[in-house]
Amino acid sequence: MTEKETARRIEVAVDRPANGGEAVGRADGRVLFVRGAIPGERVVAEITDDRHDSYWRADAVEILDPSPHRVPTPCPAAAAGAGCCDLGHIDPDHGRRLKRDVLLDVLARVGHLDDAAIAHTEVAGRGVVRLPGPDTGWRIRTRLAVDGRGRAGQHAFRGSKVVGEVCVQPAPGMIDDFDDRRFTPHAELAVVLDADGGRHITELAPVTEVRRGDPRRRAQKNRQRRAARRAHTVVEGESTAVQRVGAREWHIPVGGFWQAHRAAPAAYAHTVVEFARAQLPSSPRVAWDLYGGAGVFAAALLDAEGFDGLQQVHVVDSDAGALQAADRTFADDGDRVTTHRGEVAARLADLGERPDVVVLDPPRTGAGERVVTAIAAAEPAVVVHVGCDAARFARDLGLFVRAGYRIVDIRGVDAFPLTHHVEAVACLVRA
């Protein structure tokens, strides 16, 4: 490989994808993570972070030998520096192949799972599957920043600047008129389309952002501040949005959690039931829905054909609004569903009798050793693990395997097209 360094620019060939959307090369004895490059390309990369001895981070600023899979990004916001469609420059089908490679890599490297544990899985053979619908316009829930002039837009990549150009992922009708609207300066907007296409906008009160220090730490602190509890003001529509999966409906707070891709809730619910049904000889009697939110997976299990013997489902989550939505949805199910508010690790001891099936859908931080150990100690026949961060998902699967479980299957889902994010669902049984 040839490297030519001019000021803070390096010529480098990249050869594999990294978890996080970058491509990996080597320069001057260091690993280089290059944002905006595609494996197989030779690029000029501008160094953005050289604090580490073993690796640097960089942005591709000139493509010398372009990949045949490179395409013009369809996203004006990403082209202007927003942190949204970070893989918009890659043909979506090839992007899914790269996501498969990343997922298999972290399963081996982070989860310490050997080839025998994962070679038979769907993700290894079929790859990452796409959800129904196009690769743009799939988002029905989004958060937007508001700048000092009251204009809404996307956050810049690892920065506090608000990019006014429009992202291509919000579904038609979500933000079509935002160029002509003004909101409270420095607030944040939660924008949702409900099941009938109605728009709901809630404004989240401004927070004081950290503007000094290391950019990565600053961005992390600002994300934490934005995630903290703050005042909500309804700007348009209602404070809750009706969403449906199957025959049930939920009234979800506009600022609360619901899957961003319009097809994701039904697809994940179908996968959970499919995996559980394939491994259970008869109907489960007790199920746990951990990090369950409003209980979409609980509903899928209760309503599944052949699961008539399911007598009790425990839904555990720390979000009071989500559990209120769950209680409303399950009001006609008698005492078959019990909701528990609190951190999952702290509430597992309160759930009583041993479950036949456990479904867990943790946040990006994953479940972790304490939760995995407690689930394994309860000895469910089937565990279905839904993961939205590839590395933490891999770590948790490794913990389950070392706790006495075997991986039956893993399905990778491209729930966030044109981004590096990939969702994965694993089915495990007691070894």
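Guide: A residue is called buried when its relative accessible area is under 20%, exposed when that area is over 50%, and partly exposed in between. The model is a predicted one. Because its relative accessibility is 6%, arginine 96 counts as buried. Leaving out residues up to four places away in sequence, arginine 96 touches Val128, Val129, Arg130, Asp135 and Asp414.

Arginine 285 is placed in the loop between α6 (264–279) and β16 (286–290), and its relative accessibility of 38% makes it partly exposed. Beyond residues up to four places away in sequence, arginine 285 is in contact with Gly309, Leu310, Gln311, Gln312, Glu353 and Asp356. From arginine 285 to phenylalanine 307 the C-alpha to C-alpha distance is 8.3 Å, although 22 residues separate them in sequence.

Buried positions also occur in other loops. Serine 67 is situated between β6 (55–65) and α1 (76–79); with 8% relative accessibility, serine 67 is buried. A polar atom of the serine 67 side chain lies 3.0 Å from the backbone nitrogen of histidine 69. Once neighbours within four places in sequence are set aside, the contacts of serine 67 are Ile38 and Glu41.

Two further loop residues have a positive phi without being glycine. For tyrosine 291, phi is about 55 degrees; tyrosine 291 sits in the loop between β16 and α7 (296–303) and is buried at 17% relative accessibility. For leucine 418, phi is near 70 degrees; leucine 418 is part of the loop between β21 (405–414) and β22 (423–430) and is buried, its relative accessible area being 8%.

The largest nonpolar core has 61 residues, and the members that touch the most others are Phe178, Leu189, Trp250, Phe297 and Leu301. Of these, tryptophan 250 has contacts that include Val242, Trp258, Val296, Ala325 and Thr329, with residues up to four places away in sequence not counted. Another core, of 40 residues, lies apart from it and has Leu104, Ala117, Val358 and Leu397 among its members.

Helix α8 (residues 320–329) has as its buried residues Gly321, Ala322, Leu323, Ala325, Ala326 and Thr329. These buried residues pack against β15 (248–253), β17 (312–317) and β18 (337–341). An α-helix has 3.6 residues a turn, so residues three or four places apart point the same way. At the start of α8, a side-chain oxygen of aspartate 319 comes to within 2.9 Å of the backbone nitrogen of glycine 321.

The axes of α10 (residues 369–378) and α11 (residues 390–402) come within 10 Å and cross at roughly 35 degrees, and the crossing of α10 past α11 is right-handed. Their contact brings Glu369, Val372 and Ile375 of α10 together with Asp396, Leu399 and Phe400 of α11. By class, the residues in the contact of α10 with α11 are four nonpolar, two charged and no polar.

How values were computed. Residues numbered from 1 in each chain as written. Predicted model: local features only at pLDDT ≥ 70, side-chain atom pairs only at ≥ 80, totals over all residues. Heavy atoms only, no water. Core = buried A, V, L, I, M, F, W, Y, C linked by side-chain atoms within 4.5 Å. Buried < 20%, exposed > 50% of the residue type's maximum accessible area, 1.4 Å probe, protein only. Contact = heavy atoms within 4.5 Å. Axes fitted to C-alpha atoms, helices over the stretch in contact; angles between N-to-C directions. Helix = DSSP H or I, 4+ residues; strand = E, 2+ residues; numbered from the N terminus. Left-handed = near helix turned anticlockwise from the far one by under 90°. Nonpolar A, V, L, I, M, F, W, Y, C, P; charged D, E, K, R; others polar. Polar contact = N/O pair within 3.5 Å; in protein donor to acceptor, adjacent residues only side chain to side chain.
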